[in-house]
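Have the structure open and try each task before reading the solution.

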Amino acid sequence: MIISTNYFTPSTGAVLFVDAAEGIMLNTERLLRHAVQERVPLTLCINKIDRLILELKLPPADAYYKLRHIIDELNSMLETHQPQDNPDEPPIVFSPLLGNVCFASSLYDVCFSVESFAAMYAAAHPCSGLRAADMAAWLWGDVYFNAKNRRFTKKQPHASAQRSFVEFILEPLYKIFAQVVGDVDDTLPAVLSELGIKLTKQEAKLNVRPLLRLVCSRFFGDFW
């Protein structure tokens, strides 16, 4: 879809959608440059993350690198096109930690940010004293969770340790997709019970695609 740059005004704001599998397209830099020059507030949505799982079949760690590469590439473009008329103006940067990046699969009703995922963990463990804002700050970048002392650290606790975004976000997401697509009759009920997701007998008989969309909708809820 081609979006006219005439639609940009400083007061509207804009959401830049990037296909997780395809990455940066030819028209992306032109739209990004114009939005930056017009000082339009920007939010990045990396959409179609389901393609990384079901189509490309990337392992969670490789999916993280793919997502990170998209963000890094866009930030390189932003740096190139930053307005130079006001040296005191802070540069525009995309980062999940700044709240201007979210991840989505419109096909399966998935949309989340590191903040929304951290909020789910905090709600699931109300007695732990876990604050969503604190956890969200550790869910992106070269950050790991040390299970022995139950602390986040920038030092890899062991050779096979995964980054926190992989361990706490991508691996649970992959598990949901894998269970619905591959083990509907065997292990899915136990997994859904663990996640607090309830399905009626009629819903459980849905075909894979509508069932996966329903399960994701129940798990992620509304995204604001």
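There are 11 salt bridges in this model, a salt bridge being a side-chain nitrogen of Lys or Arg within 4 Å of a carboxyl oxygen of Asp or Glu. The model is predicted, with local features needing pLDDT of at least 70 and side-chain atom pairs counting only at pLDDT 80 or more, while totals for chains, interfaces and linings use all residues. Residues are numbered from 1 along each chain as its sequence is written, and side-chain values use heavy atoms, leaving out hydrogens and water.

**Exercise 1.** Find the salt bridge between Arg-39 and Asp-85 and work out which parts of the chain the pair ties together.

Step 1: In this salt bridge, the closest N and O atoms of Arg-39 and Asp-85 are 2.5 Å apart.

Step 2: Arg-39 sits in the loop between helix H1 (28-37) and strand E2 (42-47), and Asp-85 in the loop between H3 and E3, so the pair links parts that are 46 residues apart in sequence. Helices (H or I, at least four residues) and strands (E, at least two) are DSSP runs, numbered from the N terminus. For orientation, H3 spans 60-81 and E3 spans 101-105.

Step 3: Now check accessibility, where buried means under 20% relative accessible area, exposed over 50%, and partly exposed in between (1.4 Å probe, protein chains only). Asp-85 is exposed because its relative accessibility is 59%, whereas Arg-39, at 32%, is partly exposed.

**Exercise 2.** Which residue has a salt bridge with Arg-39 at 3.0 Å, N to O?

Step 1: The partner is Glu-89, whose side chain meets that of Arg-39 at this distance.

Step 2: Glu-89 lies in the loop between H3 and E3 and Arg-39 in the loop between H1 and E2, so this pair ties together parts 50 residues apart in sequence.

Step 3: With 29% relative accessibility, Glu-89 is partly exposed.

**Exercise 3.** Locate the salt bridge of Asp-142 and Arg-163, then decide: is Arg-163 buried or exposed?

Step 1: The closest N and O atoms of Asp-142 and Arg-163 are 2.7 Å apart.

Step 2: Asp-142 is in the loop between helix H5 (132-136) and strand E5 (144-146), and Arg-163 is in the loop between strand E6 (151-153) and helix H6 (164-182), so the pair connects parts 21 residues apart in sequence.

Step 3: Arg-163 counts as buried because its relative accessibility is 17%, while Asp-142, at 35%, is partly exposed.
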